[in-house]
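Open the model in a viewer with residue selection and distance display at hand. The stops below are meant to be taken in order.

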Amino acid sequence: LGPDHPDVAANIYLLGTLYLARSDYDSAEALLKRALTIFKKYLGPDNPNVAMCLNNLGTLYKKRGDYDSAKSLLKRALAIFEKAKGPDHPDVAVSLSNLATLYHTLGDYDSAEPLYKRELVIREKVRGPNDTAVAICLNNLGDLYQARGDFDSAEPLHKRALAIYEKSLGPNHPDVAECLENLARIYRATKRISEANALEKR
């Protein structure tokens with residue numbers, strides 16, 4: 001096939017993704033950039049494979065704390081996915097989530113909120129309202145509202161996420177414990193101490 005064939009690039013991309021998951025960012029960056037170059041050359045700059053590389057590179061830069069580079073790449077990935085696959089595709093939801101969590105990390109809640117909301121609509125449409133991917137999005141949006149001090153908006157989101165996790169994963173799963181902690185934090189912030197204590201004993 002040759003070193004610059006798209007099929008070779010696909011394997012390079014997968015290896016880069018593996019290194020990213022292992023937090024070996026230098027190895028991951030080199031491989032993802034190489035895959036990106038090949039995909040751009042042979043498939044064009046607006047191909048979904050290009051977007052996948054941009055998405056993972058953006059995630060890598062976010063983990064490194066290079067937020068400006070991360071934002072640029074994640075926005076470009078989102079634009080490519082929307083154009084290539086339509087606004088309601090699961091890959092668009094992943095891209096929305098990555099960009100939203102970046103804005104959330106930066107404290108730019110006004111930019112993060114509509115992205116989380118769009119992601120939630122897609123997740124519910126594609127996976128159904130009781131999927132754990134929906135619960136993750138609900139928790140992220142609830143965390144955002146908590147950070148703003150909007151506990152009235154945060155509480156029902158965390159309650160719904162808790163119900164999904166308990167049904168899907170059972171009452172003793174770590175994700176259930178995390179939801180209980182989120183709710184207990186809200187109860188403490190709103191002076192409902194006995195309710196917080198009851199959750200923390202579970």
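This is a predicted model: local features need pLDDT of at least 70, side-chain atom pairs count only at pLDDT 80 or more; totals for chains, interfaces and linings use all residues.

**Stop 1: H8 and H9**

Select residues 151-169, which form helix H8, and residues 174-189, which form helix H9. Two packed helices are described by the angle between their axes and the distance between the axes. Here the axes come within 9 Å and cross at roughly 155°. Because angles over 145 degrees count as roughly antiparallel, H8 is roughly antiparallel to H9. The crossing of H8 past H9 is left-handed.

Now show side chains at the contact. On the H8 side, select Phe151, Ala154, Glu155, His158, Lys159, Ala161, Leu162, Tyr165, Glu166 and Leu169. On the H9 side, they meet Asp175, Val176, Cys179, Leu180, Asn182, Leu183, Ile186, Tyr187 and Ala189. Coloured by class, this contact of H8 with H9 shows 13 nonpolar, 2 polar and 4 charged residues.

**Stop 2**

Continue past H9 to Lys191, in the loop between H9 and helix H10 (193-200). Most residues other than glycine have a negative phi. Lys191 is exposed, with a relative accessible area of 68%.

Next select Ser23, in the loop between helix H1 (6-21) and helix H2 (25-43). Ser23 is not a glycine, yet its phi is positive, at about 65°. Its relative accessible area is 44%, so Ser23 counts as partly exposed.

**Stop 3**

Side chains of opposite charge can pair when their charged atoms come close. A search of the whole structure finds 17 salt bridges, and the remaining stops visit some of them.

Select Glu29 and Lys33, both in helix H2. The two are 4 residues apart, about one turn of the helix. They form a salt bridge, with 3.2 Å between the closest N and O atoms.

Arg64 is partly exposed, with a relative accessible area of 36%.

Asp26, Glu29, Lys33 and Arg64 are linked in a network of salt bridges.

**Stop 4: Arg160 and Glu124**

Return to H8 and select Arg160, together with Glu124 in helix H6 (residues 109-127). What joins the side chains of Arg160 and Glu124? They meet in a salt bridge, at 2.7 Å from N to O. This pair links distant parts of the chain, as Arg160 and Glu124 are 36 residues apart. Arg160 is partly exposed, with a relative accessible area of 30%. Glu124 also counts as partly exposed, at 26% relative accessibility.

Note on methods: Residues are numbered from 1 along each chain as its sequence is written. Side-chain values use heavy atoms; hydrogens and water are left out. Axes are lines fitted to C-alpha atoms, for helices over the stretch in contact, and angles run from 0 to 180 degrees between N-to-C directions. Angles under 35 degrees count as roughly parallel, over 145 as roughly antiparallel, 65 to 115 as roughly perpendicular and the rest as oblique. A crossing is left-handed if the near helix is turned anticlockwise from the far one by less than a right angle, and right-handed if clockwise. Contact means heavy atoms within 4.5 Å. Ala, Val, Leu, Ile, Met, Phe, Trp, Tyr, Cys and Pro count as nonpolar, Asp, Glu, Lys and Arg as charged, and the others, Gly among them, as polar. Buried means under 20% relative accessible area, exposed over 50%, partly exposed in between (1.4 Å probe, protein chains only). A salt bridge is a side-chain nitrogen of Lys or Arg within 4 Å of a carboxyl oxygen of Asp or Glu.
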